[in-house]
Amino acid sequence: MKALFCPLVTLALCAAMPAIADDGKRSTNPTESASALTGMRAGIDRNTGRFRELTPAEQQELDARGNGRGELMALLKRGGVTQPETAAEAEAERIILPNGAEIMPLPLELMVSLEAHVDADGNVVTGHNDASIDRTTSKELPHE
Amino acid sequence: MNKPTLGLLAAALSLGLLSNAAAIEVQLFNFDTGTGLGLDDPTPRAPVGGNPGQTLGQQRQIAYQYAADLWSAVLDGDVPVRVIASTQPLPCTPTSGTLAQAGTRFTIANFPGGLANTRYHIAIAKGILNQDFATDYDILTRFNGAVGVDPNCLTGSDWYYGLDGATPPGRINFLNVVMHEIAHGLGFSGFENVSTGALSGGIPSIYATHAFDNTQQKQVRDMTNAERVASFVNDGNLVWTGSNVTAQAGLLLDNAIVFQATAPAAIAGNTYATVPAGFGPAATPDNFKGAVVVADDGSASPTLACGSLVNGSAIAGNIALIDRGACPFVDKVRNAQAAGATGVLIANNAAGLQAPGGEGPDIVIPTLGISLDTGDVFKANSDGLAVSLSISDTQLQGADPTGRVQLYAPSARAPGSTYSHFDTRFSPNALMEPFNTASVQANLNVDLTAALFEDEGWPLDKGTAFLGHCDTGVAVQEEGGLIIGATLVAQDRVCRLAASNPGQYVSCVTEFAERLRDGGVIPQAAFRRVNACAVQNR
């Protein structure tokens, strides 16, 4: 049982943003990992529950705009936060404690993305995208 | 703020240096502060759907916080869970874009109180230990702030920032999506790679501990990588074995629609697995029943139905049975439709089930995929063959015959959706299905999500909701996922924000409780207690 007693003097969220700091641990180039960040973007019509994949033109156009990794890294940097991009980088940061506990950051490539597109009827349909999957291994529903 | 490093975090856990904090609180950290964008966007907006914010940034913050407050109320303990929050432009085009990204920032294994050799989301470990050993941010979330702002981003659509679940057509319910994404970070995800089957850091996740493959008869955690890859596309056969979810499934899920043969006598009553096509209308008990006729297009491989059917007179008014292969699914179905078929069964040409895909806006008859084995049985019994869809007396829609709910494992791997969601077979729709639906009302109901958290070890608040120090007597949550008490707690904050004096606060809470009462969600006695608490807490 509990009640929340967050000070509500303003409409700001409960805590302030941390000071901007860059520890300079890691150099990241969003374009280097772009191919690994692009997965299937199939969606489902929220009214019918049916799959509808993006057209090649839609895929290309979205790809051309990047995967958002650059914006994410900028966001984290602004907050003085770092996050490994790949599983290998994450494992390099694994820590084993004296009591046997192990802590490891989750790589950004394993975080979930939610994609959306507008279908031919004007409906907004959504579906998840896994940044870890290369396009070549992502399969849409077979057509035959 | 001086950011702790992972090392400092680890040292704290090891030495037990950090004391317990106040009640569990999913805390949002605004990473948009000072940008004038996203959660800071000053663009004026009229209040909407119970969200009193008067700028776009305020409305986003309020809805974001509402979601955090709901999860705060549902989860029990004395530790904070820190969430990075941002609503900035993400990649987008007029017809497509990224809506959100989320995940736990750290995983932890082999900690006291956790299962051995099992990797947990850091937030679950904090809940189990009831210790704030991780002073870094626990969860990363961000949402696309260009939607509804940039006319070239998902043109014509917008987020719906209302808190009432009344999502207008064409809008995306922001609260639902925030609830969904935070839930991924709290525990609703496995860390296993759905493409390679690899474990994260060589240790299986707590999610994999409860995910089970009915075909392999193995938990996902106990499989080889190759077995996991196979399991992640074993449509309908990847299930959740946690006792809380299984026990509550019957309270939530509808009875299943079962596909069975009704004739001939040799197979009548037998049931068979199906998978819906990605085109055409959904199959229902009303539109998918009757005689089945094997298609014949007059070619050397007549059952492929890649050409016009030559047995149209037999097909007309009946369900066509067609084999997969050689031409697009939609062409096969068009040929059957042209011959007058009322529905189509497409038998796979390989092991397992395969959902027929493709674009067929002109297709008006339902199509189901069946296995190669089922197709063979049907062809061997084609004389007088008839089938039906019916409502099961015993099986649940979204669960296997033993009542264990199905996880999303489509035969065509759907990266990012596969495995870490409930199956789209669920009826009614669930918060943690992979695709956001307007029918989900996470402001009142988190269906089986909280039960899944409990299966993973999260303590849940099984008590009643308080406004300040006043007990409303309304359960924070009930089995089956109703979170009415949690909603009252979240609404309490909104009413404080919206009210400029104590009287307005009381009116706000009372009006909200009236809507719950009038909607049959709480009884009159509970309404009176909530009203009394509002007066006491003003």
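In chain B of this predicted model, 67% of the contacts between residues at least 6 apart in sequence join residues at least 24 apart. The chain holds 14 helices and 21 strands. With a radius of gyration of 26 Å, close to the 24 Å that the globule rule gives for 538 residues, chain B is as compact as a globular protein of that length.

**Overall dimensions and surface**

- Taken along the principal axes, the box filled by the C-alpha atoms of chain B is roughly 80 × 50 × 50 Å.
- Of the 538 residues in chain B, 61% are buried.

**Nonpolar cores**

- In soluble globular proteins, nonpolar side chains tend to be buried together.
- The largest nonpolar core contains 119 residues, and B:Trp71, B:Leu186 and B:Phe422 are those with the most contacts inside it.
- Helix 2 of chain B, residues 56-74, contributes eleven residues, the largest share of this core.
- Apart from this core lies another, of 19 residues, which include B:Phe329, B:Val333, B:Ala336 and B:Val344.
- When residues up to four places away in sequence are not counted, B:Trp71 touches B:Val26, B:Met179, B:Ile182, B:Ala183, B:Leu186, B:Leu431, B:Val446, B:Thr449 and B:Phe453.

**Aromatic pairs**

- Over all chains, the whole structure has 19 aromatic pairs.
- In one of these pairs, the ring centres of B:Phe188 and B:Phe422 are 4.9 Å apart. Their planes stand at 85°, and an angle over 60 degrees counts as edge-to-face, so this pair is edge-to-face.
- B:Phe188 lies in the loop between helix 4 (174-186) and helix 5 (206-210) of chain B, while B:Phe422 lies in the loop between strand 19 and helix 11 (449-456) of chain B. The pair therefore ties together parts that are 234 residues apart in sequence.
- B:Phe188 has a relative accessibility of 0% and so counts as buried. B:Phe422 is likewise buried, with a relative accessible area of 0%.
- Ring pairs also link B:Phe188 and B:Phe422 into a cluster with B:Tyr207, B:Phe232, B:Trp240, B:Tyr419 and B:Phe426.

**A three-stranded open sheet**

- Strands of a sheet pair through backbone hydrogen bonds, either parallel or antiparallel.
- One open sheet in chain B has three strands in the order 11-10-12, with antiparallel pairing.
- Strand 11 (218-219) and strand 12 (238-240) of chain B are the edge strands of this sheet, each pairing on one side only.
- Strand 10 of chain B, residues 211-213, forms two bridges with strand 11 of chain B in the antiparallel sense.
- B:Phe212 has B:Gln219, in strand 11 of chain B, as its bridge partner.

**Pairing around strand 15**

- Strand 15 of chain B, residues 289-294, pairs with strand 19 of chain B, residues 386-396, in the antiparallel sense over three bridges.
- B:Gly290 has B:Val387 as its bridge partner in strand 19 of chain B.
- Strand 15 of chain B also pairs with strand 16 of chain B, residues 319-323, in the parallel sense over three bridges.
- B:Val292 has B:Ile319 as its bridge partner in strand 16 of chain B.

Technical notes: Residues are numbered from 1 along each chain as its sequence is written. Chains are lettered from A and ligands numbered from 1 in the order in which they are written. This is a predicted model: local features need pLDDT of at least 70, side-chain atom pairs count only at pLDDT 80 or more; totals for chains, interfaces and linings use all residues. Side-chain values use heavy atoms; hydrogens and water are left out. A nonpolar core is a set of buried Ala, Val, Leu, Ile, Met, Phe, Trp, Tyr and Cys residues joined through side-chain atoms within 4.5 Å. Buried means under 20% relative accessible area, exposed over 50%, partly exposed in between (1.4 Å probe, protein chains only). Helices (H or I, at least four residues) and strands (E, at least two) are DSSP runs, numbered from the N terminus. Contact means heavy atoms within 4.5 Å. Two strands pair if DSSP finds at least two bridges between them. The radius of gyration is taken over C-alpha atoms; the globule rule is 2.2 Å times the number of residues to the power 0.38. Rings of Phe, Tyr and Trp (its six-membered ring) pair if their centres lie within 6.5 Å; planes under 30 degrees apart count as stacked, over 60 as edge-to-face and the rest as tilted.
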